[in-house]
Amino acid sequence: MSQESIQRGSTVFSSICAACHQPHGRGIKNSIPPLDGSEWLNAKVKGVPVSILLKGLKGPITVKGEKFDSEMPSKATLSDQQIADVLTYARKQWSNNSSAITADYVAQVRASLIDRTEPWTAQELKSMVGGKIEKEEQSSSPFSNNTQTIHKTEAISAKITIEPTHSESSSLLLIVAILTLIKGVYNSSKK
Ligand code: HEC
């Protein structure tokens, strides 16, 4: 389930990615690009972030309009499940709200890239998806009334329990309270 995947992914993120991309996901100015709001992490074509973790990335890249030129080593020693978990976590953390990635999908991408040893360049990844990295459409407001939305609401609450930051925690508490209320109304209307 995607909620468990998010929880496992949070552990992988803190132990491996946070050192560079930072726990807040905003990276380091002029040296490490952000994951929060990144079109690469949140790409509509999920193969983009998966390929980056499997082979690494090197050279100039623009993320959210800012230029970086560095290198990220491959994370191919992580299992398919760990890569799926950490990307699912990051794609739903901070302001991100993109869909989950499964271990099966990572396995397929890994198999298709078996012969490649070099890290990617941003340019190469771009041309593989038609010249432009497109962010996945953000899902609609969690306040519309259907089952899928309730499911999403749970994921959002889970996300908040995992890692509230100090400056955000009070407004997040308010949001959690509102979401819990909405869920309660929904559940009682089902009975
Ligand atoms: C050693 C530092 C380091 C670590 C550890 C690291 N990254 Fe990166 N990452 C970078 C750098 C530097 C770039 C940009 C590379 C370039 O300039 O071509 C990057 C780029 C990226 C990108 C594409 C650009 C963007 O900002 O969206 C993604 C996605 C990404 N990393 C995800 C991860 C994830 C997930 C992890 C943990 C599994 C991770 N990285 C671990 C340094 C790191």
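Reader: Which residues have the most contacts inside the largest nonpolar core?

Author: First the general idea. In soluble globular proteins, nonpolar side chains tend to be buried together. Now the case here, in a predicted model. The largest nonpolar core has 31 residues. Val-50, Ile-83, Val-86, Leu-87 and Ala-90 have the most contacts inside it.

Reader: Which elements give two or more residues to this core?

Author: The helices are H1 (2-21), H2 (47-55), H3 (80-92), H4 (103-112) and H5 (122-128). The strands are S1 (57-63) and S2 (66-72). H3 supplies the largest share, 6 residues.

Reader: What is Ile-83 in contact with, leaving aside neighbours within four places in sequence?

Author: Val-50, Leu-53, Lys-75, Leu-78 and Val-106.

Reader: Now the whole chain. What pattern does it follow along the sequence?

Author: Read it as α-α-β-β-α-α-α-α-α. That comes to 7 helices and 2 strands. Of the 191 residues, 29% are buried. Then look at contacts with a separation of 6 or more: residues 24 or more positions apart account for 67% of them.

Reader: And the ligand. Which residues come nearest?

Author: Cys-17, Cys-20, Pro-33, Ser-38 and Met-72, out of 28 residues around the ligand. H1, H2, S1, S2 and H3 each give two or more residues to this shell.

Reader: How many residues of the shell are nonpolar, polar and charged?

Author: The shell divides into 20 nonpolar, 4 polar and 4 charged residues.

Note on methods
Residues numbered from 1 in each chain as written. Predicted model: local features only at pLDDT ≥ 70, side-chain atom pairs only at ≥ 80, totals over all residues. Core = buried A, V, L, I, M, F, W, Y, C linked by C-beta atoms within 7 Å. Buried ≥ 20, exposed ≤ 12 C-beta atoms within 10 Å, placed from the backbone. Helix = DSSP H or I, 4+ residues; strand = E, 2+ residues; numbered from the N terminus. Contact = placed C-beta atoms within 7 Å. Near = placed C-beta within 6 Å. Nonpolar A, V, L, I, M, F, W, Y, C, P; charged D, E, K, R; others polar.
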